[in-house]
Amino acid sequence: MTSTPYFDRFLYEAIAADREAGAGLGPDSLYGLYTSWCMVSHSPIASPGALFTALKERHGISPSSNRLAMTGPAATDYILASAPNLV
């Protein structure tokens, strides 16, 4: 199992369970949020495969089918980086 304490901290600081009916975060958005969180928190960036494996094995989270939502400073960073015309 691929593991790092940063994945648990990422979940705590940047992910919220989506209470509305919706698809949640797709793999691209989930990894993009993760890389934004790494930049904001000054944490090392792991590969998408390492992140997705850890989320699945440690927390039962599927990168392609979940009800997750973004939260916190990493969400702001990701949104601004993804759509700079919103500023």
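Of its 87 residues, 36% count as buried.

**Overall architecture and confidence**

- Among contacts in the protein chain with a separation of 6 or more, 71% are accounted for by residues 24 or more positions apart.
- The accessible surface of the protein chain comes to about 5100 Å², and carbon and sulfur atoms contribute 56% of that area.
- The mean pLDDT of the protein chain is 88, and 89% of the residues reach 70 or more.
- Among the elements, α2 has the highest mean pLDDT, at 96, whereas strand β1 (residues 15-17) has the lowest, at 87.
- Where pLDDT is low, the predicted coordinates should not be read in detail.

**Salt bridges**

- The whole structure contains 2 salt bridges.
- One of them pairs D8 with R58, with the closest N and O atoms 2.2 Å apart.
- D8 belongs to helix α1 (residues 5-14) and R58 to helix α3 (residues 48-59), so this pair ties together parts of the chain that are 50 residues apart in sequence.
- Both partners are partly exposed: D8 has a relative accessible area of 27%, and R58 has one of 34%.
- A salt bridge also joins the side chains of E13 and R9, with an N to O distance of 3.0 Å.
- E13 and R9 both lie in helix α1, where they are 4 residues apart, about one turn of the helix.
- E13 is partly exposed at 33% relative accessible area, and R9 is likewise partly exposed at 35%.
- Side chains of opposite charge can pair when their charged atoms come close.

- The buried residues of α3 are A50, L51, F52, A54 and L55.
- The cover over these buried residues includes α1 and α2.
- K56 is also found in helix α3, but this residue is partly exposed, with a relative accessible area of 48%.
- Beyond its neighbours within four places in sequence, K56 is in contact with I61 and S62.
- G60 follows α3 and has a positive phi, near 70°.

**The loop between α2 and α3**

- H42 and S43 are both found in the loop between α2 and α3, with α2 covering residues 27-41.
- H42 is exposed, at 73% relative accessibility, whereas S43 is buried, with a relative accessible area of 9%.
- H42 has a positive phi of about 60° although it is not a glycine.
- Most residues other than glycine have a negative phi.
- The side chains of S43 and S41 are joined by a polar contact of 2.8 Å.
- Leaving aside neighbours within four places in sequence, S43 is in contact with Y6, R9, W37 and C38.

**M70 and strand β2**

- M70 is placed in strand β2 (residues 68-70).
- This methionine, M70, is partly exposed, with a relative accessible area of 24%.
- The C-alpha atoms of M70 and L33 are separated by 7.5 Å, although the two residues are 37 residues apart along the chain.
- Apart from neighbours within four places in sequence, M70 is in contact with A14, L25, S29, L33, A75, Y78 and I79.
- L33 is therefore one of the residues with heavy atoms within 4.5 Å of M70.

Definitions and conventions:
Residues are numbered from 1 along each chain as its sequence is written. This is a predicted model: local features need pLDDT of at least 70, side-chain atom pairs count only at pLDDT 80 or more; totals for chains, interfaces and linings use all residues. Side-chain values use heavy atoms; hydrogens and water are left out. A salt bridge is a side-chain nitrogen of Lys or Arg within 4 Å of a carboxyl oxygen of Asp or Glu. Helices (H or I, at least four residues) and strands (E, at least two) are DSSP runs, numbered from the N terminus. Buried means under 20% relative accessible area, exposed over 50%, partly exposed in between (1.4 Å probe, protein chains only). A polar contact is a pair of N or O atoms within 3.5 Å; within protein, one must be able to donate a hydrogen and the other to accept it, and residues adjacent in sequence count only if both atoms are side-chain atoms. Accessible areas come from the Shrake-Rupley method with a 1.4 Å probe; for residues, only the protein chains shown count as cover. pLDDT is the predictor's confidence in each residue, from 0 to 100.
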